[in-house]
Amino acid sequence: MGQRRTRHALAVLTAAVTVGAAAVPAAAHLPGRALPAIEGPTLPANDLEALLSLTGGQIVQSFGVATRAPEPPLRPVPRADCGPGSRPLQGEIQGRVSRADLDAPEAARGYTCNVSPLGRYPTAGGFRTWRYVDPAGHECAFYDTSLPAPANVVSVAAGPTPGVVVLDMSDPRQPKRTALLTTLAMLAPHESLNLNARRGLLAAVVGNGLTLPGSMAIYDVATDCRRPRLLAEMPTAYGHESGFAPDGNTFWIAGGGGEVIAVDVRDPRVPRTVWRGVLYSHGLNLSDDGRTLFHTDPINGNLGILDVSEVQDRRPDPTVRQLSRITWDTVSVPQNTVPLTIRGRRYLLEFDEFAFRFNPPTVANRAGAARLIDIEDPRAPRVTSNLRLEANMPETRAKLLADPVALPLAFGYAAHYCAAPREVDPVIVACSFINSGLRVFDVRDPENPREVAYYVAPEGGEGLAATTPGNLALSQPAFDPVRREVWYTDATSGFHALRLDERAWPADPPPARCVSQRTVTITLPRHYASARVTYLGRRARVTRTRGRLRARIDLRGQPVRTVTVRVTGRSKAGTAVRQTRRFLTCRGRG
């Protein structure tokens, strides 16, 4: 009886602290001034303006109702074909882990499909896993122990959270803990632990499922990733999740309670807030040039694409503008996104969490799962395909009610976090699907993704969650593409290093050699007075020749691909101008 009560208490506690912005009333919406909100009534703008007048914040206006994006018919991806050496699940429903599966002898070693377990560290994990190789060649993993961190910080029954675990991964078969980060932000980062590999910065804010106020901490991991060095802490409000601009100069803080904050970390020893706005945002990510922000609204169930160029450029009193806002039929609680380019076209890998809605409030038990969204035109996104298992389908979920899961069904058979090994042509993506474990999908054909591998970890580990049945795979995975490794954490069994079979993660073909079109010069229309030209995460130099603006696009050394060039600027009449051009880097030979 005592163990049953413990499991029930953990399920209730985890549900309370994991759901983004759960304390926000279901009728609350993104506020606007004179413009309509996304859906329904608005919060009082005058009160919010009074609040923001003290902080220099901005109300980000939503231009009308979220548009329902075009989307394909709802169906699960094809099942993985498990090769030799696999220990696959035997059930008839893809993604299901039944009582018979948990009671079978194979459960003690975990269920595998085209995956080989390499190493494990028993301290239970939370929501984000990162891999980093420092300039000296040390290879490290970082992961939070946040589940259920907010209660852990204050609850003797749950026990204290250890903090952020640092592992030496020079031998992935024997992960070795070299440090434990225990500043306030690292004790309770919730889903905000974030890494900028370009600059070697690791940061987090105090957060929980209810967007806890607290502080931000930023560490140097470039000097020696095995022993991160604290650079600064600063007070901040409402942490839940976060995102780094790719150049590592801006750390964005998302708070589902209604505020987004941009922090300048060009000098990471002296971070400072450069913009804050009223905006419901669970998670956020940025384009490769840091000028477009993709954010998920967990309250109203939609995805917003915002122009944050003025923040990226550090203009005084920057303004953030909305480009588009979409929703889709099976939306639950949008979690976050990953920008991808596949076959020269831009996509977002978007993933919902759980299987209910805040607004309108519903317990319809329809899992949001994940999807690829075409954003080649950021003003008119469309859902290209769904990444979901048979266990996520509405007609299937009623059959799973009696399955032993650590969380209620509205949580247990659902997606939580996804990630990709690289932004351009990633080949695969991997997602933590809670009780279904880690699932891996081939996305080379964005219209037709398919499952290629999975891992359902064995039970047992450290902490209270280890007493629950099944998996609690909630973390964002990390990757070593050279060794075909995927790292992730499970809240019941700890950190796992896995190696994918080549049939699941095929080696990249050698790039075709470039034989033509190594540089391109673009000439802009005469009415352009000024322009900014970006491509491949770079900014091209713009010059004026004979009264016209020109920019040189350097494509040397690039494999065969399509490169998108974006131009933004002002006309001589003072109006905003923008255009997009695409160029083939070269023609392949052989």
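**Reading a pocket, a core and a buried loop residue**

Reader: How many nonpolar, polar and charged residues does the lining of the second largest pocket have?

Author: By class, this lining has 18 charged, ten polar and eight nonpolar residues, where Ala, Val, Leu, Ile, Met, Phe, Trp, Tyr, Cys and Pro count as nonpolar, Asp, Glu, Lys and Arg as charged, and the others, Gly among them, as polar. Please bear in mind that this is a predicted model, in which local features need pLDDT of at least 70 and side-chain atom pairs count only at pLDDT 80 or more, while totals for chains, interfaces and linings use all residues. Residues are numbered from 1 along each chain as its sequence is written, and side-chain values use heavy atoms, with hydrogens and water left out.

Reader: What is the volume of the second largest pocket, and which residues lie nearest its centre?

Author: Rolling a probe the size of a water molecule over the atoms shows where empty space is left. Here the second largest pocket has a volume of about 790 Å³, and among its 36 lining residues Arg291, Asp307, Ser309, Thr568 and Arg578 lie nearest the centre. A pocket is an open set of points on a 1 Å grid over the protein atoms alone, where a 1.4 Å probe fits, with protein on both sides within 12 Å along at least five of seven lines, and lining residues have an atom within 4 Å of a point; the volume is the space filled by probe spheres set on the points, which are joined across faces, edges and corners.

Reader: Which elements give two or more residues to that lining?

Author: They are β18 (292-297), α6 (309-312), β20 (321-327), β33 (528-535), β37 (562-571) and β38 (576-584), and β38 supplies the largest share, six residues. Helices (H or I, at least four residues) and strands (E, at least two) are DSSP runs, numbered from the N terminus.

Reader: Where is Asn300 placed, and is Asn300 buried or exposed?

Author: Asn300 sits in the loop between β18 and β19 (302-307), and Asn300 counts as buried because its relative accessible area is 1%, the cut-offs being under 20% for buried, over 50% for exposed and partly exposed in between (1.4 Å probe, protein chains only). From C-alpha to C-alpha, Asn300 is 9.1 Å in space from Pro334, although 34 residues apart in sequence.

Reader: Which members of the largest nonpolar core touch the most other members?

Author: A nonpolar core is a set of buried Ala, Val, Leu, Ile, Met, Phe, Trp, Tyr and Cys residues joined through side-chain atoms within 4.5 Å. In this one, of 37 residues, they are Leu340, Leu349, Leu387, Val429 and Phe441, with β21 (333-342) among the elements that give two or more residues and the source of the largest share, four residues.
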